[in-house]
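Biologist: I have a structure open here and would like to go through its contacts. Can you start with one residue?
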Amino acid sequence: MQSRAQSDPHWYQPTGLSEAFSIYKANLNSTVKFVNGNTGKGVFKETGDVNIYIELNSVKELYFMQVHDTYISIGAGISINGLIDILLSNKDKSISFKPLADHLKKIANVPVRNIGTWAGNLMLTHNNDNFPSDVFTIMKAAGATLSIAHDGGTGEYPLSDFLSLDMTERIIVSIQIPYCSPNTVFTTFKIMPRSQ
Ligand SMILES: Cc1cc2nc3c(=O)[nH]c(=O)nc-3n(C[C@H](O)[C@H](O)[C@H](O)COP(=O)(O)OP(=O)(O)OC[C@H]3O[C@@H](n4cnc5c(N)ncnc54)[C@H](O)[C@@H]3O)c2cc1C
């Protein structure tokens with residue numbers, strides 16, 4: 001475990017899920033926050049004092065991509081731009097992958113998409129009713145499910161159940177995106193201001 005002690009707060013950088021949960025449990029008397037790209041701070045100012053940050057950037061279980069017979073599975077440490085690349089390089093697998101990637105390209109800007117993760121985006125909408133998450137909207141339409149870890153196991157949840165799930169002491173591990181049949185029409189829309 002590496003820890004970067006500052007005056008206050010403390011930052012930890014675990015390299016595995018079990019280590020991340022151990023740090024969490026050892027600090028139950030403090031306000032603990034998981035972070036990955038930490039770009040969420042640009043959308044919602046932090047309320048209250050966070051004493052302990054647990055960076056998930058080095059947690060190895062969150063960085064993978066697996067192609068299965070009926071779905072693709074992508075780790076929660078993958079950035080939004082990383083997700084776009086994966087979808088485009090597998091676009092022959094599902095009619096939905098190119099429209100999903102094209103929609104993801106409309107999120108924020110290149111620097112934010114390079115370090116901001118799709119999982120962090122989902123957590124912003126989980127924690128804030130008023131956040132219109134593009135990732136949530138399009139992945140729900142695609143019928144995606146999430147693998148979410150707690151200390152001692154992992155559960156599988158459809159995105160429709162995610163918003164009401166108690167995420168205390170839980171870490172999103174991956175998203176599973178099923179393949180659409182070629183007969184399906186899959187389109188997404190985003191209404192946004194643009195400069196003229
Ligand atoms: C300028 C700007 C423009 C943006 N525009 C858009 C937009 O147009 N559309 C849109 O949908 N979004 C937009 N966003 C949001 C952006 O997509 C998110 O900020 C980003 O995806 C968050 O990812 P992160 O890794 O930085 O999360 P962090 O900031 O590190 O974390 C955000 C939250 O997620 C939690 N978290 C992170 N990873 C995990 C995990 N694996 N398990 C459990 N909890 C976790 C953290 O505890 C925290 O609560 C914008 C953001 C910025 C700064």
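Modeller: Leaving aside neighbours within four places in sequence, L104 is in contact (heavy atoms within 4.5 Å) with I80, L83, I84, L87, R113, V135, I138 and M139. This is a predicted model, where local features need pLDDT of at least 70, side-chain atom pairs count only at pLDDT 80 or more, and totals for chains, interfaces and linings use all residues. Residues are numbered from 1 along each chain as its sequence is written, and side-chain values use heavy atoms, with hydrogens and water left out.

Biologist: Which residues of α2 are buried?

Modeller: I80, N81, G82, L83, I84, I86 and L87. Buried means under 20% relative accessible area, exposed over 50% and partly exposed in between, with a 1.4 Å probe and protein chains only. Helix α2 (residues 80-89) has 7 of its 10 residues buried, so it is largely enclosed by the rest of the structure. Helices here are DSSP runs of H or I with at least four residues, numbered from the N terminus.

Biologist: And which residues touch the most other members of the largest nonpolar core?

Modeller: L104, W118, M139, I172 and I177, out of 52 residues in that core. A nonpolar core is a set of buried Ala, Val, Leu, Ile, Met, Phe, Trp, Tyr and Cys residues joined through side-chain atoms within 4.5 Å. This core draws at least three residues from each of domain 1 (2-55) and domain 2 (61-178); the bounds come from an automatic or database domain assignment.

Biologist: How many residues of domain 1 are in contact with domain 2?

Modeller: 15 residues of domain 1 are in contact with 21 of domain 2. The domain centres, taken over C-alpha atoms, are 21 Å apart.

Conventions: Helices (H or I, at least four residues) and strands (E, at least two) are DSSP runs, numbered from the N terminus.
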